[in-house]
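Trainee: I am new to this one and would like to talk through its aromatic rings. Could you show it to me?

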Amino acid sequence: MQFVLNPVMDYYAARQATGREKLSALKGPVILVANHASHMDTPVILSALPRKLRKRTAVAAAADYFYRNKLTASLVSLIFNTVPIERRKGASSSVTKSTSHLDTLLDDGWNLLLFPEGTRSRGGVPGRVRRGAAVLAAAHNLAIIPIKVTGTADAMPPGRIWPRRLHGRLFSHRHRITVSFGEPIQPGGDTNALIERVQSFFDSSTGGAPSMNPYRRRDGKSDSAAKRYGNGSKSNGNVTNLTADAIGASGNGVAANGHGGSVNGAGQHDYSSSSSSQSVVRVTALRHLR
């Protein structure tokens with residue numbers, strides 16, 4: 001971690017951890033559950049943990065992915081302190097088939113890091129959390145620590161075997177990655193309620209919307225469009241109206257001659273610009289919809 005992983009990650013990403021103070025009062029083992037969008041999530045989370053917690057943390061890794069090859073299995077076990085976990089597609093639990101080795105680790109005082117979605121999410125939208133983590137927490141009477149990671153999917157998206165830097169910037173070429181630790185969730189008899197609290201934490205960074213990377217590079221125009229319509233969608237099917245709202249929200253006119261469009265009481269825009277300015281609007285709209 002000190003001489004290899006941290007220097008490598010520092011080259012590709014500017015990392016920040018929030019909520020670490022919530023871990024200071026923890027006693028005994030806990031179950032760490034995190035959203036999963038990249039293979040970079042594991043080293044980023046481990047580096048954000050306090051050393052006392054990290055040195056007694058094992059990471060559950062998919063047996064069908066990391067443990068098919070003996071060399072790969074040995075490397076990930078050595079570097080990240082992983083243990084195999086079986087996955088069944090369509091199962092309601094992320095911990096299946098055999099969990100006896102996980103039970104032994106928890107009974108011996110080890111912390112366990114789980115990715116309860118079961119696989120890496122795509123498109124910035126977190127998958128549904130499975131019940132495995134809650135079942136283990138209830139069985140061993142352990143608290144769950146929810147962890148939200150943002151930015152790793154941009155630095156190392158699914159399909160890449162190595163991180164990448166940002167291009168086209170004059171100074172900083174590093175991605176921004178944030179690890180946020182939530183309040184400990186105490187175990188209870190209702191595992192579904194536990195999982196819903198974890199799911200809510202994963203979704204909370206965008207006010208209940210699907211979790212997106214807050215550091216995605218966007219200009220002010222696309223920011224305005226996103227706030228009004230979400231992921232580039234249109235309110236009434238009119239591309240011109242979408243673009244006009246996006247540009248008008250920042251106080252800029254849409255016409256090439258600098259005259260802004262008027263807005264009537266119904267919220268519709270009336271334009272008196274020339275045909276050339278309408279072309280500018282259409283080109284801008286297509287750029288926002290890409």
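Trainee: Which charged end sits over the ring of Y65?

Mentor: That is the charged end of R68, 5.9 Å from the ring centre. A charge sits over a ring if NZ of Lys or CZ of Arg is within 6 Å of the ring centre and within 35 degrees of the ring normal. Before we go on: this is a predicted model, where local features need pLDDT of at least 70, side-chain atom pairs count only at pLDDT 80 or more, and totals for chains, interfaces and linings use all residues. Residues are numbered from 1 along each chain as its sequence is written, and side-chain values use heavy atoms, leaving out hydrogens and water.

Trainee: How many aromatic pairs does a search of the whole structure find?

Mentor: Three. Rings of Phe, Tyr and Trp (its six-membered ring) pair if their centres lie within 6.5 Å; planes under 30 degrees apart count as stacked, over 60 as edge-to-face and the rest as tilted.

Trainee: Why is the pair of Y11 and Y12 called edge-to-face?

Mentor: Their planes are at 90 degrees, with centres 4.9 Å apart, so the pair is edge-to-face. Likewise, Y65 and F66 have planes at 65 degrees and centres 4.8 Å apart, so that pair is edge-to-face.

Trainee: What makes Y12 count as buried?

Mentor: Its relative accessibility is 13%, and buried means under 20% relative accessible area, exposed over 50%, partly exposed in between (1.4 Å probe, protein chains only). Y11, at 45%, therefore counts as partly exposed.

Trainee: Which residues do ring pairs link into a cluster?

Mentor: Y11, Y12 and W162. The charged end of R165 also sits over the ring of Y11, 4.1 Å from its centre.
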